[in-house]
Amino acid sequence: MPICRFVFLVYSLLKKLLKSLLPQRLLLTAEPHLRKIVSAFFIGGKNECPVCGFHARKFIVVHDGENHLCPRCGSIERKRLLWLYLRDEIKIQEQNNFRVLHFSPSSALFKKLKGLKNFDYVPAAFGNPLIKNQFDITS
């Protein structure tokens with residue numbers, strides 16, 4: 001078994017265990033630190049995550065090959081594509097007097113967009129204790 005696959009399996013088992021033991025808020029706060037440790041086994045290579053800038057030998061295959069996860073920030077293909085669209089087509093880093101209402105943001109995009117100071121970013125979620133705007137968009 002390749003080391004990267006082994007590391008991901010250990011990470012998955014550890015996350016599952018921590019999920020059953022820790023409150024959600026603590027788990028969400030600890031996960032980026034756990035990812036940094038795991039990403040050390042994937043450093044270097046031609047694959048670059050546009051969200052966090054990490055260069056990986058390969059992205060982690062999850063859900064029977066449907067998604068490829070960045071080992072550093074945890075973004076999957078559609079989230080990386082969304083960031084490329086916002087950055088290259090919308091030019092979100094250059095916009096002023098711009099508002100973004102983002103429902104159920106992934107942690108990687110939440111961190112990236114929250115860090116931009118040139119526009120008003122309003123994240124909203126249901127059940128994520130790290131996001132202050134709690135909305136159930138289905139009701």
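**Entry 1**

I started with the largest pocket, which holds about 1500 Å³ of space. I counted 41 residues in its lining, and the closest to the centre are Glu31, Arg35, Cys73, Ser107 and Ala108. A reminder to myself: this is a predicted model.

Which helix gives the largest share of the lining? I found that helix 2 does, with 9 residues. Helix 1, strand 4 (67-69), helix 3 (77-89) and helix 4 (107-114) each supply at least two residues as well. By type, I noted 17 nonpolar, 12 polar and 12 charged residues in the lining.

**Entry 2: the whole chain**

Next I zoomed out. The protein chain has 4 helices and 6 strands, and I read their order along the sequence as α-α-β-β-β-β-α-β-α-β. The C-alpha atoms fill a box of roughly 50 × 35 × 25 Å along the principal axes. Of the 139 residues, 36% count as buried.

**Entry 3: salt bridges**

How many salt bridges does the structure hold? I got 3. Side chains of opposite charge can pair when their charged atoms come close.

Buried or exposed, I wondered about Glu31? Glu31 is buried, because its relative accessible area is 14% and the cut-off for buried is under 20%. Arg35, at 11%, counts as buried too.

Then I looked up Asp88 and Arg87, whose side chains meet in a salt bridge at 2.8 Å, N to O. Asp88 is partly exposed at 35%, and Arg87 is partly exposed at 30%.

Arg99 forms a salt bridge with Asp120, with the closest N and O atoms 3.0 Å apart. That pair links distant parts of the chain: Arg99 is in strand 5 and Asp120 in strand 6, 21 residues apart. I have Arg99 down as exposed at 62%, while Asp120 is partly exposed at 33%.

**Entry 4: a loop residue**

I found Asn96 in the loop between helix 3 and strand 5 (99-103). Asn96 counts as exposed because its relative accessibility is 52%, and exposed means over 50%. Asn96 and Phe119 are 23 residues apart in sequence, but I got 5.5 Å between their C-alpha atoms.

**Entry 5: a nonpolar patch**

Last, I checked the surface. Ile3, Phe6, Val10 and Phe41 make a nonpolar patch of about 360 Å². Ile3 sits in helix 1 (residues 3-21) and is partly exposed at 47%.

Conventions
Residues numbered from 1 in each chain as written. Predicted model: local features only at pLDDT ≥ 70, side-chain atom pairs only at ≥ 80, totals over all residues. Heavy atoms only, no water. Patch = residues over 30% accessible without salt bridge, like charges linked within 9 Å, V, L, I, M, F, W, Y side chains within 5 Å. Areas by Shrake-Rupley, 256 points an atom, 1.4 Å probe, with all protein chains shown as cover. Salt bridge = Lys/Arg side-chain N within 4 Å of Asp/Glu carboxyl O. Buried < 20%, exposed > 50% of the residue type's maximum accessible area, 1.4 Å probe, protein only. 1 Å grid on protein atoms, 1.4 Å probe; cavity = no way out; pocket = protein on both sides within 12 Å on 5 of 7 lines; lining within 4 Å. Points joined across faces, edges and corners; volume = space filled by probe spheres on them. Nonpolar A, V, L, I, M, F, W, Y, C, P; charged D, E, K, R; others polar.
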